[in-house]
Amino acid sequence: MPTPSVAPRIEDSSVAGSPPRVSSEEARALYRLLFACALVLLPRLAVFPWSENLYGDAVVRTELAQRWLQNPHWIAHMDDGAFQYGPLHVYLVAGALALGIDREDAGRWVSLIFGVLSVFPLWSLSRRLGGLQAAWWATAGLALWGMHIQMSTTAGSESVGLFFVLWCLALLAEGLEENRFGPLFGSALVLNLACAVRYDCWLLIPLLSVLLLLGDKDRVAAITRSVCYGLLALPFVAAWMQGNERAKGDAFAPIKYIESFHQAWVADGVARWSSIGYRALNLFFWPGVALFTLSPLIAWFGGRGMVRIWRQRPEYRWLIWVVLVPTAYFTFRAVVLLNFVPLGRFAVTQVALLLPFVGVGYLATVEGRSATARRLWAGAAVGLAVLFPVVLGVLTAYRDDQLATSLRPVSPVSTNPPAVMKVARWLKAEVAPVDGAAVLDVDDQYWDLQIAFFSGLPDTRISRMRWDIFRKQLAEQRPEVLVRREGGALEKEPDFLLQGDTISFDGDGWEEIPGFQRPWHVYRRAGTR
């Protein structure tokens, strides 16, 4: 048999020993994702230098991470270093601090990274619902969502929690659509991480388990999926509840502690708006947050897309239930039971889950219209999505009027009141560098926490009246500087006496330092410089 004069050419590059070739389609998909990440990253980088830790207990979370880093250990319950917060976020912020990032920015970088990473699961989920166009609409909505910009540039847990929720749901959608158990397994494990960040994610364990139970006509398969998913999603919650049961005598101790704040907030809301008025406000809270923070047209497209998906793709109704059930539950508590106060941050997951439906809703809205009309609709939607966060930022940044106070929780730029930061920056510039110490009064709105955090003073050099060990610290530290809040707790101390521009406290006279804004006053102990 004759042999060929030329050896056959090996076409498979992997057999030849070279790296496998990437197809042009795979390369385009990668470039799209990188461009989508850039779209989300750019507005957050633009805001990052101007934002300050404020909402979402960002300051307290960072201080807890600092303390944990001094004594790393497994956080087993709320009194073990996490308070009422999810422990995973404490670990993540502590990791950023361990890298040497300044404490004012460590948690903010964690939020920024996870905020941008949210593009990946959101893109995947949106493509399954409405193709490439839906993915781009969802990305644009996320990029311009003012409240998410704020959450991605401050040290709260919402950005991290939302990433894990979107990842969990993207994996669940993959498993259901492709009928594979692997992604379902991954989804349940990721849900553990979400639950270790935020307590509102706990509701997803029973909800998704029930949806899996009801979502397949094959009862055996449905029961198997539901039971396995619930069991795989439960380990963190079970361990955390057991830890709190052993340490506090109550498995739900952190949740009940949070509920106590809601009871006080409800009382304040009813006193301000009346029972009927407050219930009415809470009734429209979730749609109001969506319309106001996503911008009206983006929110409208999202709602319209949900209706179309419900009608045309019943296999994805489970995702709509993930939006509707928590919204209905918390609205019922806020309106009927009046034992819950909705905050913009509590609506983050439900508002974010409108984004995968935006592209479908846009197509439903412009269906049958001319190309010019479709471009006008798209331009108006994007224009409003840009305009809303810009206006909110202008109205709230470094302002302390009533309008700014009302809008700041949903503004893309998070800044503390100028009067508060003036005290904090002065302490950082004048007291911290000389190893000085300060007395800090209590503020009913917790602004003293902000002053302490941004002052740069360690706990060993700041005597906080908020703490039980205040008198002990005062005796040990002998602070040279005192920060008083008009009407604060300091004025109720038996050895406190106000006399014009001076005060008497801790056996000494204190002279006021001019230049600060009411209600804050700064004093220096007589005889010290």
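**Note on salt bridges, cavities and surface**

1. Arg128, Glu174, Glu177, Glu178 and Arg180 are joined in a network of salt bridges. The model is a predicted one. Over the whole structure, the search gives 34 salt bridges. Side chains of opposite charge can pair when their charged atoms come close.

2. Arginine 425 belongs to helix α22 (residues 418–431) and glutamate 104 to helix α5 (residues 103–117), so the pair ties together parts that are 321 residues apart in sequence. Arginine 425 is partly exposed, at a relative accessible area of 33%. Glutamate 104, at 14% relative accessibility, counts as buried.

3. Aspartate 435 meets arginine 461 in a salt bridge of 3.9 Å, N to O. Aspartate 435 sits in the loop between α22 and β1 (438–440), and arginine 461 in the loop between α23 (447–455) and β2 (462–464), so this pair ties together parts that are 26 residues apart in sequence. Aspartate 435 is exposed, with 59% relative accessibility, whereas arginine 461 is buried, with a relative accessible area of 18%.

4. Strand β1 also contains valine 439. This valine 439 is buried, at 1% relative accessibility. Valine 439 and serine 463 are 24 residues apart in sequence, while their C-alpha atoms are 4.8 Å apart in space.

5. A salt bridge also links aspartate 506 and arginine 478, with 3.3 Å between the closest N and O atoms. Aspartate 506 is in the loop between β5 (502–505) and β6 (508–513), and arginine 478 is in the loop between α24 (470–477) and β3 (481–485), so the pair ties together parts that are 28 residues apart in sequence. Arginine 478 is partly exposed, with a relative accessible area of 41%.

6. There are 3 cavities of 30 Å³ or more. The largest cavity has a volume of about 90 Å³. Its lining consists of Val165, Asp200, Cys201, Leu203, Leu204, Pro326, Phe330, Phe346, Thr349 and Gln350. Two or more of the lining residues of the largest cavity come from each of α17 and α18 (348–352). By class, the lining of the largest cavity has 7 nonpolar, 2 polar and 1 charged residues.

7. The second largest cavity holds about 50 Å³ of space. Residues lining the second largest cavity include Glu158, Arg198, Asp200, Arg345 and Thr349. Both α8 and α18 supply at least two residues of this lining, and α8 gives the most, with 4 residues. The lining of the second largest cavity divides into 4 nonpolar, 2 polar and 4 charged residues.

8. The second largest pocket has a volume of about 400 Å³. Its lining comprises 17 residues, and those nearest the centre are Leu211, Gly215, Asp216, Glu315 and Trp318. Helices α8 (158–178), α10 (204–214) and α17 (317–337) each contribute at least two residues to the lining of the second largest pocket. The classes represented in the lining of the second largest pocket are 11 nonpolar, 1 polar and 5 charged residues.

9. On the surface, Val382, Val386, Val390 and Val394 make up a nonpolar patch, with about 310 Å² of accessible area together. Valine 394 lies in helix α20 (residues 371–396). Valine 394 is exposed, at a relative accessible area of 59%.

Key: Residues numbered from 1 in each chain as written. Predicted model: local features only at pLDDT ≥ 70, side-chain atom pairs only at ≥ 80, totals over all residues. Heavy atoms only, no water. 1 Å grid on protein atoms, 1.4 Å probe; cavity = no way out; pocket = protein on both sides within 12 Å on 5 of 7 lines; lining within 4 Å. Points joined across faces, edges and corners; volume = space filled by probe spheres on them. Nonpolar A, V, L, I, M, F, W, Y, C, P; charged D, E, K, R; others polar. Patch = residues over 30% accessible without salt bridge, like charges linked within 9 Å, V, L, I, M, F, W, Y side chains within 5 Å. Areas by Shrake-Rupley, 256 points an atom, 1.4 Å probe, with all protein chains shown as cover. Salt bridge = Lys/Arg side-chain N within 4 Å of Asp/Glu carboxyl O. Buried < 20%, exposed > 50% of the residue type's maximum accessible area, 1.4 Å probe, protein only.
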